[in-house]
Amino acid sequence: MYRVWSFVTDYSLMLILGALIALVWANTDASSYSHFVDFEFAHDFFIGHPHLDEAGRVEYRSLKLHYLVNDVLMAFFFAIAAKEVWEAVILKNGSLRGKKVATPLIATVGGMVGPITVFLGLAAFLGSDVYDAVANGWAIPTATDIAFSYLVGRIVFGAGHPAVRFLLLLAIADDAAGLIILAVFYPLETLVPAWLLLSLAAAIGVYGLFNRLPRKMDHGDQLRKKSTWVREKLSFWPYLIAGCLSWYGFQESGLQPALGLLPIVPTLPHADRAFGLFSEAERYLTDLLNHCEHILKYPVEILLFFFGLVNAGVEFSSISEPTWLVLAGLMIGKPLGIFLFGYIAAHPMKLGLPQGMRTIDLFVIGCAASIGFTVSLFIATVAFPPGDVQDAAKMGALFSFGAAIVAVIAGIVTRVQKVSH
């Protein structure tokens, strides 16, 4: 049911390509790479990076390539992630509903507590100067890259092993928690909550006028003529307009604008039941929510190339304490946290594990989930201002690919029995 290879190919290979080009470019001609990333489209514009006056108010905004990619276009990537989470939570047979997901969700908590504890604990051990410099990056090692972690899980356990589904549920829940962390703990500027009323009004308005109202008018009509007309004639355009308004509300409120489409995702008409996370069957669904995901597929592939290109350009000379702290948080804290919390959920709390899965498999899952990459890179760009600390933290996120090797070795040592089907 899971289109693993197409998912990894479509959403991740372009990201890797962009990241590799950025690494080579930054280490061969750092000056030209910096000019590229900081290319300014508009100096004083209604969207863009805020420049504050002495009182902390926005004086003007400049639209640069880095802002366009990270804060404007990445909103579509986070919308796709939110779509999968929303369906898994709200729809009948959703993957994140019921007692069956209790253990993965508790393990997810461990996969966040563990990295934070290791990151901050080691930083404090290194001294107050290091701790003060890196403390705001505590969330960087909490991330799990869904595609790469899932691919590693398939390699270690085999396609049919219950641990693979456990890992996917954990990764999705981890991303959902990551979105909340970004919204709550990493505002870009002084918060102006009143602007969020614009996002709320856009979500309520588009849901009421273009989702709820047509369905109410179709009451008793099996052909659903009104809903069909809205879907065929207006398509996604009302929701795109609402999305623009919601995004602008997030920008002006001071929250991370890349999350600006999240209030709109639940307002789109959706299927009656879930078919599983990233299920192959979704390509045949005609509801507007899945239709929008199909439309965004290729643009987001290109977007992830540019995301890797503008964020992964780090000079190897920038490797320092933040690099090792992020890496330790991911590769030590995450496996230990997932194993400990998963064990507590499965045994003392008696929630159990999926049939065919051993307790020790929790540790191997934790190793596979230690690849931070995409979301870790994103959090690093908002946790620290541009400079040595940010670059060093980014390098830790890039080095987390080493967790793939660790997961394979852990699978061999713990004698994982692969299940192909």
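Reader: Before we count anything, what counts as a helix or a strand here?
Author: Both are DSSP runs: helices are H or I with at least four residues, strands are E with at least two. Numbering goes from the N terminus. Keep in mind that this is a predicted model.

Reader: Fine. How many helices and strands, then?
Author: The chain has 16 helices and three strands.

Reader: What about overall dimensions of the C-alpha trace?
Author: About 65 × 60 × 35 Å along the principal axes.

Reader: And how does the radius of gyration fit a compact globule?
Author: It agrees. A compact globule of 421 residues would be near 22 Å, and the chain has 22 Å.

Reader: What share of the residues is buried?
Author: 52% of the 421 residues.

Reader: Contacts next. Of those between residues at least 6 apart in sequence, what share joins residues at least 24 apart?
Author: 78% of them.

Reader: Switching to α6 and α7. Where are they, and at what angle do they cross?
Author: Helix α6 covers residues 146-157 and helix α7 covers 162-185. Their axes come within 9 Å and cross at roughly 165°.

Reader: So parallel or antiparallel?
Author: Roughly antiparallel, because the angle is over 145 degrees.

Reader: Left-handed or right-handed crossing?
Author: The α6 and α7 crossing is right-handed.

Reader: Which residues meet there?
Author: From α6, I146, S149, Y150, G153, R154 and F157. From α7, A163, V164, L167, L168, A171, I172 and D175.

Reader: How does that contact split by class?
Author: Nine nonpolar, two polar and two charged residues.

Conventions. Residues are numbered from 1 along each chain as its sequence is written. This is a predicted model: local features need pLDDT of at least 70, side-chain atom pairs count only at pLDDT 80 or more; totals for chains, interfaces and linings use all residues. Side-chain values use heavy atoms; hydrogens and water are left out. Axes are lines fitted to C-alpha atoms, for helices over the stretch in contact, and angles run from 0 to 180 degrees between N-to-C directions. Angles under 35 degrees count as roughly parallel, over 145 as roughly antiparallel, 65 to 115 as roughly perpendicular and the rest as oblique. A crossing is left-handed if the near helix is turned anticlockwise from the far one by less than a right angle, and right-handed if clockwise. Contact means heavy atoms within 4.5 Å. Ala, Val, Leu, Ile, Met, Phe, Trp, Tyr, Cys and Pro count as nonpolar, Asp, Glu, Lys and Arg as charged, and the others, Gly among them, as polar. The radius of gyration is taken over C-alpha atoms; the globule rule is 2.2 Å times the number of residues to the power 0.38. Buried means under 20% relative accessible area, exposed over 50%, partly exposed in between (1.4 Å probe, protein chains only).
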